[in-house]
Amino acid sequence: MKAVVLMGAFPADTSHLAPLAEMSDLTVYGTSHNPGYLYETTPPEECRYRDFRRIGPAGRGHILWVYPGLGRALSEDEPDVLHVISEPWGFLAMQAHRWAKDRHRTTLVVHACDTIWWHGSKMEQAARRALVRRSVPRIDAYVAENEMAIAQARSAGLDPRAVTETIHTNPRDPSVFIPAADERERAAARSLLGLPEDGVGIGFLGRLVPEKGPLLLLDALEAVDVSAAGKGIRVWAALGGRGPLEDEVRKRTATPSRFFLNELAYPDEVSTYFRALDVLVVPSWSTPSWEEQSPRVVIEAMMSGCVVVVARSGALPEMVLDAGLTFDEKDGADLTRALNRAIDPAYRAETSRRARASAIERYSGPAIADRLFDVWKRALAIRSGVVS
C-alpha cells in the first residue's frame, strides 16, 4: 500500500510514523518552513518526506496554506491512500481533492478536529459551505479527534458508506510525558520550576483568555483551600500561559500558594510541569464560534499521571472518560466539588494509573498508527468496490 500523509508543519512527535512506515510504503508531505511555530519543525527521520515551501500566513494554523507543486508530487508518487490532516474546507484539503477527484482508485482520507463549522462572517460561512459541498462527497474516510466532529461531517453530506473513526491528529510519546517515579523525582521537578516541593499541586496550562477559564479556577481554589486545610492537606496552584488575562492572573497569583509560570518551553518544561503536578484543570466553556476539540494538554497530563479535571464542554469529557473528573462549565461550585475529590490521596493514587493507561491506549504513536492503518485498509476496500 502506497500512502501519502499530507499535513501542515511537520509534527513534534513522530512516534506514529515509524510503525506506519513499516506497515505501508509511506511518504509524509509537510513543511519545515514555518517561522514562529510552537516548536522547531523538522522533517521526519522515520520515513520518506517532501518538504514544501508553503504559501500562506505563518503561525499555528495551516487552513490557508497552499503547497506549490503538490499536484505534481502526488502524480509522481501516485498513492493508493491520500490522508490529509486538515479541515475539509482547508486549502490543502482542496488541493488534495482537486488531484484525487479524477484518480478514482485513490482513497481520500480527511483527518480533522473542528466541531463548529459554520462560524465567522456570513461571507466566511458561505465560502466554507461551498468548499464543503465540493469536497465532502469525494471523501472515502473521515477521521476526527472526537465524535462531535464526525457528526458535523455526516450532517454536511459525508457519504454513508465512508469509514469514520475517532483518532487524534497528534500523538504524544509516553516516554516523554511520564509520571515522576517517586516523591524525590516529583520534588526535583517542582524545584526546577520554582514550585513548593510538598503539598498537592493543581495546575492550569493554556491561553489566558476568558473562555479558557483561568479566573474561574482561581475563584474555585479559594474554597478548595478552606476545605483542604480542614483535612490537613496543603494545596497550591500554578498557572502557565499567555494572553489578554495575563496581568490579572499575575496579580492573583502573587500569594504564597499561587504561582504564575508564564509560557513553558515545549516539550522539556511542559513535561517537567506535568511531573510536578498532581491535578490538571481544564475549565473551558464553549462560545458560539469556539469550543475545546481535543486539547493536547489533556493527553500530556494524563500520560504524566495527573488527575485531570475538565469542564463538560466540547470534546473534553470524551477525552477523560472514566480516568478523570468533569464538572458543569462555568459552574464554580461544581468545579470546587470536583477539585475536593481530586485532591483526595486515595482517589489520586487510583486515577493516576488509570489516566496514564488510558492515554497510552488511545493517544500514543503506536496506537494511533495501528488505528490509522486499519482505517486505510477499510477505506481502500470500499473504494475498490466503488470503482470495480
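Contact here means heavy atoms within 4.5 Å of each other, and helices (DSSP runs of H or I, at least four residues) and strands (E, at least two) are numbered from the N terminus. The views show a predicted model, in which local features need pLDDT of at least 70 and side-chain atom pairs count only at pLDDT 80 or more, while totals for chains, interfaces and linings use all residues. Residues are numbered from 1 along each chain as its sequence is written, and side-chain values use heavy atoms, with hydrogens and water left out.

**View 1. Helix 4, residues 122–135, has a buried side and an exposed side.** Arg 128, Val 132 and Ser 135 of helix 4 are buried (under 20% relative accessible area with a 1.4 Å probe and protein chains only, against over 50% for exposed and in between for partly exposed). Because these residues cover an arc of only 70° around the axis, they are on the same side of helix 4 (the arc is taken from the directions from the axis to the C-beta atoms). Lys 122, Met 123, Arg 133 and Arg 134 are exposed on the other side of helix 4. Helix 3 (91–100) is among what covers the buried residues of helix 4.

**View 2. Helix 10, residues 296–303, is mostly covered.** Gly 305, with a positive phi near 85°, follows helix 10.

**View 3. Ala 315 is in the loop between strand 12 and helix 11.** This alanine is buried, with a relative accessible area of 1%. Leaving aside residues up to four places away in sequence, Ala 315 touches Asn 146, Met 148, Glu 292, Gln 293 and Ser 294. Ala 315 and Glu 291 are 24 residues apart along the chain, with a separation of 8.1 Å between their C-alpha atoms.

**View 4. The structure holds 1 cavity of 30 Å³ or more.** A cavity is a set of points on a 1 Å grid over the protein atoms alone where a 1.4 Å probe fits but cannot get out, and lining residues have an atom within 4 Å of a point. The largest cavity contains about 80 Å³ of space, counted as what is filled by probe spheres set on the points. Of the 13 residues that line the largest cavity, Val 5, His 16, His 83, Ile 85 and Leu 372 lie nearest its centre. Strand 1 (2–9), helix 1 (17–23), strand 4 (81–85) and helix 14 (365–387) each give two or more residues to this lining.

**View 5. Tyr 266 and Pro 267 are joined by a cis peptide bond.** Omega of this bond is about 0°, and Pro 267 lies in the loop that connects strand 10 (258–262) with helix 9. Asn 262, which lies in strand 10, has a positive phi near 60° although Asn 262 is not a glycine. Asn 262 is partly exposed, with a relative accessible area of 24%. Leu 321, in the loop between helix 11 and strand 13 (324–327), also has a positive phi, near 50°.

Key. 1 Å grid on protein atoms, 1.4 Å probe; cavity = no way out; pocket = protein on both sides within 12 Å on 5 of 7 lines; lining within 4 Å.
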